[in-house]
Amino acid sequence: MHVVIVGSGRTGSELGLRLSSLGDDVTLVDLDPRAARRLPAALKERFIEGTGTSRAVLEKAGIREAEALVALTADDCVNAVAARVGRDVYRVPRVIARRFDPSHSFVYRELGITAVSTVQATANEVAQLLHHERLEPRLTFGNGETMLVRAPVPAYLAGRPVGELEVAGEIIVVEVTRGGHSMIPESSTLLAEHDEASFVVASQSLGRLHGFLGRWA
Amino acid sequence: MNVLVVGSSQLAVQVATTLAASGCEVIYVRADADGADEPHDPRISVVVGDPLVVLEEAGALRTDVLVACTTSDAENLVVSFLAKHRFHIGCVVARVNDPDDSWLFDESWGIDVAVSAAGLVAETVLRAPGASAAPAAASAPPPGATAGDPQPSPPAL
């Protein structure tokens with residue numbers, strides 16, 4: 001797959017390397033020629049100096065044949081413009097932008113562009129490590145807004161229905177393991193001692209789940 | 001007429017001041033950055049903040065005309081898009097900084113009029129009485145052309 005990466009900073013370079021190792025054909029675009037320095041020799045040849053909003057630069061980068069465009073600069077406006085041009089002008093089938101400033105999420109929404117936020121993902125991860133060490137997420141979704149966590153059911157909850165642990169829009173019990181057997185519970189299923197439960201929880205509700213499980217240290 | 005000028009350059013300041021002098025109600029939005037110019041004119045209110053975020057607070061819903069006049073073409077495009085599609089501003093004017101970007105400045109970004117300072121000067125020179133062999137194209141730009149956009153192959157002067 002031919003992928004055009006606009007923005008060859010740390011993230012762009014790392015992505016370029018990773019995609020190349022998966023067999024993708026990658027071109028990197030950056031305004032700053034120094035951005036090529038950290039690239040390995042093989043990728044240096046695939047580097048084009050220029051802005052991701054220039055027609056000449058995008059076409060030189062092979063946007064007409066590209067199956068994906070990824071806009072990773074530190075400027076949300078450049079990312080939004082490059083992504084939209086890729087999608088609407090060059091009909092690139094897959095377009096992803098980096099959202100640098102979390103307050104700009106509405107811009108990407110209005111433009112209908114898929115955006116990933118490293119700032120939010122990092123903040124969520126660090127906050128979890130600091131506050132919820134023992135409720136380690138098994139899986140996170142999106143930018144870490146929701147996650148799957150697994151925890152033993154404390155003895156004092158034995159005999160209580162699963163539904164009591166659930167909060168609409170915040171916490172759902174998706175699975176209970178009892179004696180080595182896993183089941184999908186109903187909200188009326190009664191919990192038992194030594195159960196382990198899996199929860200899908202919104203990151204801002206982790207504290208609440210901690211409270212339910214009596215883990216406030 | 002209510003005009004919102006978004007910018008942080010001397011050009012934006014001059015646009016805002018000239019419009020205020022002509023009797024427009026002007027609100028000036030500038031980024032909270034070092035070296036961002038702003039008008040010192042009692043007739044002009046200044047709003048400081050990320051233009052993408054403060055447009056509504058700056059009165060975008062009551063604005064007749066928005067001028068996107070920052071020094072970043074990408075920012076001018078996104079501000080114009082929001083002005084037209086989020087705030088339904090009747091007339092959106094955008095500044096083209098880099099002639100390489102002028103192809104983007106069209107109605108798909110909500111832009112009614114695109115202005116390129118470099119192009120305007122070049123066009124004026126080509127139309128000047130003393131300019132020999134002013135090209136016909138310069139006096140009749142093709143439809144959809146950027147105002148002040150340099151013609152594809154201007155003749156040597």
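Predicted model: local features only at pLDDT ≥ 70, side-chain atom pairs only at ≥ 80, totals over all residues.
Counted from the N terminus, the elements of chain B follow the order β-α-β-β-α-β-α-β-β-α-α.

**Stop 1: chain B as a whole**

The chain holds 5 helices and 6 strands. Of its 157 residues, 42% are buried. Among the contacts in chain B with a separation of 6 or more, 53% are between residues 24 or more positions apart.

**Stop 2: the sheet of chain B**

Next, select the strands of chain B. In what order do the 6 strands of the open sheet stand? The order is 3-2-1-4-5-6, and the pairing is parallel. The edge strands are strand 3 (44-48) and strand 6 (113-116) of chain B, each of which pairs on one side only. On average, neighbouring strands of this sheet are turned by 20° against each other, direction ignored.

**Stop 3: strand 1 and its partner**

Select residues 2-7 of chain B, which form strand 1, together with residues 25-30, which form strand 2. These two strands of chain B run parallel and are joined by 5 bridges. Two of the pairs may be picked out by residue. Leu4(B) has Ile27(B) as its bridge partner in strand 2 of chain B, and Val5(B) has Tyr28(B) as its bridge partner in that strand.

Is strand 1 of chain B enclosed or open? Since 5 of its 6 residues are buried, strand 1 of chain B is largely enclosed by the rest of the structure.

**Stop 4**

Select residues 73-85 of chain B, which make up helix 3. This helix lies across strand 1, strand 4 (65-69) and strand 5 (91-96) of chain B. Its direction is at about 175° to that of strand 5 of chain B.

Now move to His88(B), in the loop between helix 3 and strand 5 of chain B. His88(B) has a phi near 55°, a positive value in a residue other than glycine. Most residues other than glycine have a negative phi. His88(B) is exposed, with 11 other C-beta atoms within 10 Å.

**Stop 4: chain A as a whole**

Chain A has 7 helices and 11 strands. With a radius of gyration of 22 Å, well over the 17 Å that the globule rule gives for 217 residues, chain A is more spread out than a compact globule. Its C-alpha atoms fill a box of roughly 70 × 35 × 30 Å, taken along the principal axes. Buried residues are 35% of the 217 residues in chain A.

Colour residues 2-116 and residues 131-212 of chain A separately, which shows domain 1 and domain 2. How many Å separate the centres of these two domains of chain A? The separation is 39 Å, taken over C-alpha atoms.

**Stop 5**

Ile171(A) stands opposite Val201(A) in strand 11 of chain A.

From there, select His194(A), in the loop between strand 10 (181-183) and strand 11 (196-202) of chain A. His194(A) has a positive phi of about 70° although it is not a glycine. Is His194(A) buried or exposed? It is exposed, with 11 other C-beta atoms within 10 Å.

**Stop 6: where the chains touch**

Finally, show both chains together. In this model, 15 residues of chain A are in contact with 17 residues of chain B. On the side of chain A that touches chain B, helix 3 (55-60), helix 4 (76-89) and helix 5 (105-111) of chain A each supply at least two residues. Helix 4 of chain A gives the most to this side, with 6 residues. The residues on this side of chain A comprise 7 nonpolar, 4 polar and 4 charged.

How values were computed
Residues numbered from 1 in each chain as written. Chains lettered and ligands numbered in written order. Helix = DSSP H or I, 4+ residues; strand = E, 2+ residues; numbered from the N terminus. Rg over C-alpha atoms; globule rule 2.2 N^0.38 Å. Buried ≥ 20, exposed ≤ 12 C-beta atoms within 10 Å, placed from the backbone. Contact = placed C-beta atoms within 7 Å. Nonpolar A, V, L, I, M, F, W, Y, C, P; charged D, E, K, R; others polar. Domains from an automatic or database assignment. Pairing = 2+ DSSP bridges. Axes fitted to C-alpha atoms, helices over the stretch in contact; angles between N-to-C directions.
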